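Please look over the model shown below.

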Amino acid sequence: MKQQITVTVNGVQHTSEVEPRLLLVHYLRDVLNLTGTHVGCDTSQCGACTVIMNESAVKSCTVLAVQADGAEITTIEGLAKDGQLHPLQEGFWEMHGLQCGFCTPGMIMTAYDLLQKNPNPTEEEIRHGLEGNLCRCTGYQNIVRSIQYAADKMRGAATAAGGE
Ligand code: FES
Ligand code: FES
């Protein structure tokens, strides 16, 4: 028996009929066609599926779509505004924070949550914040630098161009 849900995703309200067992990640990807949110595991370990739900990062493979009824969700597609990359997206670009990029949307959404709650994190705090997100190819050094870049920029202290 399908259930009706209304969810605001990246500022747009969607009303859908969904199976009660449908996971939020599959709702986003398969129903709303927002495929920037990735599925990297079946065990809620990798963090590739991370989105912001009501101002906190959640692994969307651990949330049922029906649990998101009435929620505000932000996905990676919701970060760029007016053709301008979000400072985190810019940071990953400038600081080479990715190789294959599969984990990147989840990394960015986790970092987004971290910087909302702590705009000036230490390297230690960034590494701690990323513990639930696995990157299988880069090591984390450039990811940390990307987040530091974004934190600086968001605090208005970025040295902008050049990056290095
Ligand atoms: S797909 Fe959700 S944690 Fe891996
Ligand atoms: S950039 Fe490939 S898994 Fe992270």
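Glu-90 is buried, at a relative accessible area of 17% (buried is under 20% relative accessible area, exposed over 50%, partly exposed in between, with a 1.4 Å probe and protein chains only). Its side chain meets that of Lys-153 in a salt bridge, 2.9 Å from N to O. The model is predicted, so local features need pLDDT of at least 70 and side-chain atom pairs count only at pLDDT 80 or more, while totals for chains, interfaces and linings use all residues. Residues are numbered from 1 along each chain as its sequence is written, chains are lettered from A and ligands numbered from 1 in the order in which they are written, and side-chain values use heavy atoms, with hydrogens and water left out.

**Salt bridges**

- The whole structure holds 4 salt bridges, each being a side-chain nitrogen of Lys or Arg within 4 Å of a carboxyl oxygen of Asp or Glu.
- Glu-90 sits in helix α2 (residues 87-94) and Lys-153 in helix α5 (residues 141-154), so their pair ties together parts 63 residues apart in sequence; helices (H or I, at least four residues) and strands (E, at least two) are DSSP runs, numbered from the N terminus.
- Lys-153 is partly exposed, with 33% relative accessibility.
- Another salt bridge joins the side chains of Lys-117 and Asp-113, at 2.8 Å from N to O.
- Lys-117 and Asp-113 are 4 residues apart in helix α3 (residues 104-117), or about one helical turn.
- Of this pair, Lys-117 is exposed at 54%, whereas Asp-113 is buried at 12%.
- The side chains of Arg-155 and Asp-152 also form a salt bridge, 3.0 Å from N to O.
- Arg-155 is partly exposed at 38% relative accessibility, and Asp-152 is partly exposed at 33%.

**Domains and their interface**

- The chain is assigned domain 1 (3-78) and domain 2 (87-159), with bounds from an automatic or database domain assignment.
- Their contact, meaning heavy atoms within 4.5 Å, takes 18 residues from domain 1 and 15 residues from domain 2.
- The C-alpha centres of domain 1 and domain 2 are 22 Å apart.
- About 1,200 Å² is buried between domain 1 and domain 2, with 60% of it from carbon and sulfur atoms; buried area is the accessible area (1.4 Å probe) that two parts lose on being put together, summed over both.
- The interface of domain 1 and domain 2 has 0 salt bridges.
- On the side of domain 1 that touches domain 2, the elements giving two or more residues are β3 (50-53) and β4 (56-59).
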